[in-house]
Amino acid sequence: MRKAINGLSMIVADELESDPLSGNLFLFCNKERRNLKALYWDKNGFCLWQKKLEKHRFPWPKNNQDAIELKQTELDMLLKGIDFWNAHTELKYSEIT
């Protein structure tokens with residue numbers, strides 16, 4: 001989590017193959033899941049903010065997907081520490097009896 005705006009925007013462009021100037025919010029979390037950084041472009045410059053938890057950990061996907069698109073409600077839950085990834089198991093049925 002030593003990277004600042006330039007380093008994180010390079011990760012967005014090179015590794016995620018996305019446009020850091022798109023206005024999308026990009027989230028980065030450290031291995032211990034205690035630090036979270038958010039990067040986005042706001043009209044005339046980049047914004048970077050960080051949240052550090054003193055207790056507990058951020059919920060984060062267990063698999064190593066490069067990018068996951070979140071809805072606003074999911075972002076709110078993530079910042080509050082609610083693990084919506086594991087909240088409920090999805091049920092799939094093939095027929096109704």
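**Stop 1: helix α1 and its cover**

Select β1 (26–29), β2 (35–41) and β3 (46–52): these strands are among what covers the buried residues of α1. Cover here rests on contact, meaning heavy atoms within 4.5 Å. Helices (H or I, at least four residues) and strands (E, at least two) are DSSP runs, numbered from the N terminus. The model is predicted: local features need pLDDT of at least 70, side-chain atom pairs count only at pLDDT 80 or more, and totals for chains, interfaces and linings use all residues. Residues are numbered from 1 along each chain as its sequence is written, and side-chain values use heavy atoms, with hydrogens and water left out.

Now select α1, residues 5–14. Which residues of α1 are buried? They are Leu8, Ser9, Ile11 and Val12. Seen down the axis of α1, the buried residues fall within an arc of 155°, so they line one face of the helix. That arc is taken from the directions from the helix axis to the C-beta atoms. Buried means under 20% relative accessible area, exposed over 50%, and partly exposed in between (1.4 Å probe, protein chains only).

Turn to the face of α1 that points away from its buried side. There you find the exposed residues Asn6 and Asp14.

**Stop 2: Glu74**

Move to helix α2, residues 72–80, and pick Glu74. Is Glu74 buried or exposed? Glu74 counts as buried because its relative accessibility is 17%. Show its contacts next. Leaving out residues up to four places away in sequence, Glu74 touches Glu69 and Phe84. Draw a C-alpha to C-alpha distance from Glu74 to Phe84: it reads 7.1 Å, while the two are ten residues apart in sequence.

**Stop 3: two cysteines**

Select Cys29, which counts as buried at 18% relative accessibility. Then select Cys47, partly exposed at 23%.

**Stop 4: the whole chain**

Zoom out. The protein chain has two helices and three strands. From the N terminus on, its elements run α-β-β-β-α. Its radius of gyration is 16 Å, well over the 13 Å that the globule rule gives for 97 residues, so the chain is more spread out than a compact globule. The radius is taken over C-alpha atoms, and the rule is 2.2 Å times the number of residues to the power 0.38. Along the principal axes, the C-alpha atoms fill a box of roughly 55 × 30 × 25 Å. Of the 97 residues, 24% count as buried.
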